[in-house]
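Good morning. Please look at the structure on the screen while I go through a few of its details.

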Amino acid sequence: MNTEPPAAAPWWASAVVYQIYPRSFQDSDGDGIGDLQGIRQRVDYLAELGVDVVWLSPVYRSPQDDNGYDISDYQDIDPLFGTLDDLDQLTSALHERGIKVVMDLVVNHTSHKHRWFTESRSAKDSPRRDWYWWRPGRDGMEPGAPGGEPTNWGSLFSGPAWEYDEATGEYYLHLFSREQPDLNWENPAVREAIYAMMRWWLDRGIDGFRMDVINFISKNVRADGSLPDGPVVSGPYGDPAQGTINGPRVHEFLQEMQREVFAGHRDAVLLVGETPGTTVEDGLLFSDRRRSELDMVFTFEHVSLDQGPGGKFDRKPLDLLDLKATLGRWQTGLADSGWNALYWDNHDQPRIVSRYGDDGRYRVESATMLATVLHLHRGTPYVYQGEELAMTNAHFTSFDCYRDIESLRYVAQSRELGHLTDDQILASLAEVSRDNARTPVQWDRSANAGFTTGKPWIAVNPNYITINAAAQRAARGSVFQYYRRLIMLRHADPVVQRGDFTMLLPDHPHVYAFSRSLNGTRLLVLGNFSGHDQQADLGQSLGDRTELVIGNYRVPASTFGASINLQPWEALVIREPG
Ligand code: GLC
């Protein structure tokens, strides 16, 4: 397991986190949906891969409108996934292998079926009314009629961000689906209830939280209680960002959470915030240790570079120069006092090998190159289930294959607006639907890839016959074995953990190049983002004592001059000793 971290760096500088999306990981009871006992059957796989932390996407009680990101009871497990006892067993099994457990924390909103919301909704004078964002309709408009919403905000899952509730004649805010009403963090009783729930989980023995859209919790509310309209950029609704993202009290709330929940646990737990729409400046505020808020944040700029002005489903090709400029800015901006969470994939993003790589001829090469570049940055790398096998996008070709609420609502809205043909809608779903990441983990060649003996809740990718864990565990040179080596490298090498980052060749259109240095030792990292040979001219020749640390083509005996020819999707890490 992990070696003792160097005194100057927190333990997560030498750690790698593995994300499990339980619904798609391993089914143990044949209902076609992954569960906690299924994960337990696979803990040795996680130990073999070598990861230090497992982050579990939500397993709490939930109507599953957004696959568990709509929670109706924070202190119980959904029967789909098992019981609290199953979770305790899984936690012990992971702890026995030296792996920590991080739970998902979804507290910007609850499910509409949460008791807090049903009480809040029941009457205007309910003691919990103010636990959510209830507002009257727009002045002069008929309540419930289109345009009568309190603000013009669109929801992130299409349609307006407000739902009219006839019983009490007011609207409630839901930045996501109408089944996910936003909690009102202005109310101290809401915050105290959340903190109490978090303490309960810590007492149960979990090791941290991944905090869902945590930078949405403070809304930009005016003194009279009203909320501001947003600019209409594309589509029928206003952008809620200015009123909802990184609002005026977000840092105050997180610092309060630190005091109320994590006092005494500070260095034992891992706190990672999901923070869409966050700039480097905000990222620094969240992750600066001296401010005591979060340990690191998931940012979105590097996974938004292939989006057009129409938003997520409006696709354009990635320009590598943008990727380098973006990640480079985050590396520099957080170098002194912040910390980066490094990721390509998660349950909301398409598969990286299909997105920024080549999931055909160069699937193995491009997946290992992308992994090398990511894992050698300064920060804590996250591996999303199946990424270590270079699982690909689903390549679904019909609407009925899709399950994800965001995708289905996008289809409904696009058809209603009528600007796009069905083929155009299907083409963008095939590129970017969240379901691309949610097909079942491909364990072996048996029926349903070994994921379930029942009917899987979403189709298994037919390429499981060749792309699966059983084959890759046994094969030297597999993507799985390559990830193992990258994880071992992070555990062992202080330069990877703590070295300074310098971007090189920022204008090279196809080669991603940077160095990491610590106490005179330098690691040079090169990645060819193309299916053609590329020349990397480093301008200075490398000393004659260089050694190959890891690469996806070459053997350790390789020597390097000032100009290095890279083969298609080649990755190289070269050490120059001090
Ligand atoms: C986050 C989650 C996503 C979910 C949304 C609403 O972005 O990662 O899966 O749909 O929040 O909770």
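I start with arginine 61, which is partly exposed, because its relative accessible area is 33%. For these words, buried means under 20% relative accessible area, exposed means over 50%, and partly exposed is in between, with a 1.4 Å probe and protein chains only. Before going on, note that this is a predicted model, in which local features need pLDDT of at least 70 and side-chain atom pairs count only at pLDDT 80 or more, while totals for chains, interfaces and linings use all residues. Residues are numbered from 1 along each chain as its sequence is written, and side-chain values use heavy atoms, with hydrogens and water left out.

What does the side chain of arginine 61 meet in a salt bridge? The partner is aspartate 76, at 3.0 Å from N to O. A salt bridge here is a side-chain nitrogen of Lys or Arg within 4 Å of a carboxyl oxygen of Asp or Glu. Arginine 61 sits in strand 3, residues 60-61, and aspartate 76 in strand 4, residues 73-77, so that distant parts of the chain, 15 residues apart, are linked. Helices (H or I, at least four residues) and strands (E, at least two) are DSSP runs, numbered from the N terminus.

The structure holds 41 salt bridges. Another one joins the side chains of glutamate 256 and arginine 191, at 2.6 Å from N to O. Glutamate 256 belongs to helix 7 and arginine 191 to helix 5, so this pair ties together parts 65 residues apart in sequence. Are these two residues buried or exposed? Both glutamate 256 and arginine 191 are buried.

Now the two helices themselves. Helix 5 covers residues 188-204 and helix 7 covers residues 250-262; they pack at an angle of about 45 degrees, and their axes are 9 Å apart. Axes are lines fitted to C-alpha atoms, for helices over the stretch in contact, and angles run from 0 to 180 degrees between N-to-C directions. Helix 5 and helix 7 are therefore oblique to each other. By the cut-offs, angles under 35 degrees count as roughly parallel, over 145 as roughly antiparallel, 65 to 115 as roughly perpendicular, and the rest as oblique.

Which residues meet? From helix 5 there are Arg191, Glu192, Tyr195, Met198, Arg199 and Leu202, and from helix 7 there are Phe253, Glu256, Met257, Glu260, Val261 and Phe262. Contact means heavy atoms within 4.5 Å. The residues of this contact divide into seven nonpolar, no polar and five charged. Ala, Val, Leu, Ile, Met, Phe, Trp, Tyr, Cys and Pro count as nonpolar, Asp, Glu, Lys and Arg as charged, and the others, Gly among them, as polar.

Two of the contact residues named for helix 5 also pair up: the side chains of glutamate 192 and arginine 199 meet in a salt bridge, at 2.7 Å from N to O. Glutamate 192 counts as partly exposed at 32% relative accessibility, and arginine 199 counts as partly exposed at 27%.

Last, two loop residues. Serine 292 lies in the loop between helix 8 (280-287) and strand 11 (296-298), and its phi is near 60 degrees, a positive value in a residue other than glycine. Asparagine 519 lies in the loop between strand 17 (511-518) and strand 18 (521-528), with phi near 45 degrees, again positive in a residue other than glycine. Serine 292 counts as partly exposed at 27% relative accessibility, whereas asparagine 519 counts as exposed at 73%.
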